[in-house]
Amino acid sequence: MLELWELGGRDDCRYSTFSWRTRLALHHKGLPFAAHSIAVSDKAAIGFSGQGKVPILKHDGRVITDSWAIALYLEKEFPERPTLFGGDVGRTLTQVFNVWADRELIPALIPFLMHDVLDCVGEADGAHLRRQIESAMKASLEELYAGREKAVLGFRRKLQPVRKALETNDFLGGAAATYADHILFGVLQWARVVSPVKTLEETDMVAAWFERMLDLYDGVGRKERSRLARTKEAA
Ligand SMILES: N[C@@H](CCC(=O)N[C@@H](CS)C(=O)NCC(=O)O)C(=O)O
């Protein structure tokens, strides 16, 4: 029995970038799981994990936190299922990619995503996220948002090495997706779920890759409604 804890916003939208990594990893391994959504400000709901962040995975009474630790756990615990890394070399290189995504890609999107996310969560969650980001970035969300056009261009530039790999591969894992794809998917899915801003140009090969990723595992990514789709439905 596997259980996943992730963040849920208004309309129960699943907007946690790190949890999307874990979600896809579970689908990749073909493991059924129960998903629980929590409010980001409701730390009591995940008190059992001894820390305050998601994703959290529970498996046979064991609690694993941190998306990278969860990926390692799944690969070790379910070696007979499709691989997340393709072996030791792939695991180490995927770790480099994981750290790069955390330190380069996610901070590049924060200037506009954290502002847009306020419209996707309740008041208490919005206040929590505002406090957290403003103290980390030493700027107000509005000041950060004012730099969004530059931020989008900077984000697109950072993806140049990914484009190079996608020139000759359908996925970062080669012919099929692996955990590196799940990591990048999590970043772009976060943007898709919370923001109306076009993070990628339509002609970008990363956009074409993202469409392929949205279709994987019975379209689990696409089934999550985008911010644009939710806004249209509400109008
Ligand atoms: N290094 C952690 C980061 C997890 C993380 O920051 N999760 C965010 C959601 S995407 C979170 O739970 N934030 C809650 C908070 O900071 O209060 C991982 O890879 O799982």
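Tutor: Buried means a relative accessible area under 20%, exposed means over 50%, and partly exposed lies in between (1.4 Å probe, protein chains only). The model here is predicted, so local features need pLDDT of at least 70 and side-chain atom pairs pLDDT 80 or more, while totals for chains, interfaces and linings use all residues. Residues are numbered from 1 along each chain as its sequence is written, and side-chain values use heavy atoms, without hydrogens and water.

Student: Is Asp-12 buried, exposed or partly exposed?

Tutor: Asp-12 has a relative accessible area of 36%, so Asp-12 is partly exposed.

Student: How is a salt bridge read, and with which residue does Arg-14 form one?

Tutor: Side chains of opposite charge can pair when their charged atoms come close. The rule asks for a side-chain nitrogen of Lys or Arg within 4 Å of a carboxyl oxygen of Asp or Glu. Arg-14 pairs in this way with Asp-12, their closest N and O atoms being 2.6 Å apart. A salt bridge also joins Arg-14 to Glu-6, again with 2.6 Å from N to O. Arg-14 has a relative accessible area of 12% and is therefore buried. Glu-6 is buried too, at 1% relative accessibility.

Student: How many salt bridges does the rule give?

Tutor: The count comes to 18.

Student: Which parts of the chain does the pair of Asp-119 and Arg-227 link?

Tutor: Asp-119 and Arg-227 meet through their side chains in a salt bridge of 3.3 Å, N to O. The two residues are 108 apart and link distant parts of the chain: Asp-119 is in the loop between helix 3 (88–116) and helix 4 (123–137), and Arg-227 is in helix 10 (residues 227–234). Helices (H or I, at least four residues) and strands (E, at least two) are DSSP runs numbered from the N terminus. Asp-119 is partly exposed, at 46% relative accessibility, whereas Arg-227 is buried, at 13%. Salt bridges with shared partners also join Glu-6, Asp-12, Arg-14 and Arg-23 into one network.

Student: How do I describe two packed helices, and at what angle do helix 1 and helix 9 cross?

Tutor: The angle between the axes and the distance between them describe two packed helices. Axes are lines fitted to C-alpha atoms, for helices over the stretch in contact, with angles from 0 to 180 degrees between N-to-C directions. Helix 1 (residues 17–28) and helix 9 (residues 205–223) have axes that come within 11 Å and cross at roughly 70°. Helix 1 is therefore roughly perpendicular to helix 9 (roughly parallel is under 35 degrees, roughly antiparallel over 145, roughly perpendicular 65 to 115, and the rest oblique). Helix 1 brings Trp-20, Arg-23, Leu-24, His-27 and His-28 to the contact (heavy atoms within 4.5 Å), and helix 9 brings Met-213, Tyr-217, Val-220 and Gly-221. Of these residues, five are nonpolar, three polar and one charged.

Student: Is His-28 buried or exposed?

Tutor: His-28, in helix 1, has 12% relative accessibility and so counts as buried. Its C-alpha is 7.0 Å from that of Tyr-217, although 189 residues separate them in sequence. Beyond four places in sequence, its contacts include Pro-82, Thr-83, Leu-84 and His-182.

Student: Which residues have the most contacts inside the largest nonpolar core?

Tutor: A nonpolar core is a set of buried Ala, Val, Leu, Ile, Met, Phe, Trp, Tyr and Cys residues joined through side-chain atoms within 4.5 Å. The largest one has 72 residues, and the most contacts inside it belong to Tyr-15, Leu-74, Phe-155, Leu-184, Val-206 and Trp-209. Helix 8 (residues 179–194) supplies the largest share of this core, eleven residues. Among the residues that Tyr-15 touches beyond four places in sequence are Leu-7, Val-40, Val-117, Leu-129 and Trp-190.

Student: Which peptide bond is cis?

Tutor: Most peptide bonds are trans, and most residues other than glycine have a negative phi. The bond from Val-54 to Pro-55 is cis, with omega near 10°. Pro-55 sits in the loop between strand 2 (34–38) and strand 3 (56–59).

Student: What is the phi of Asp-11?

Tutor: Phi of Asp-11 is near 60°, which is positive in a residue other than glycine. Asp-11 is in the loop between strand 1 (2–7) and helix 1, and its 57% relative accessibility makes it exposed. Lys-138 also has a positive phi, near 55°. Lys-138 lies in the loop between helix 4 and helix 5 (141–146) and is exposed, at 71%.

Notes
Nonpolar A, V, L, I, M, F, W, Y, C, P; charged D, E, K, R; others polar.
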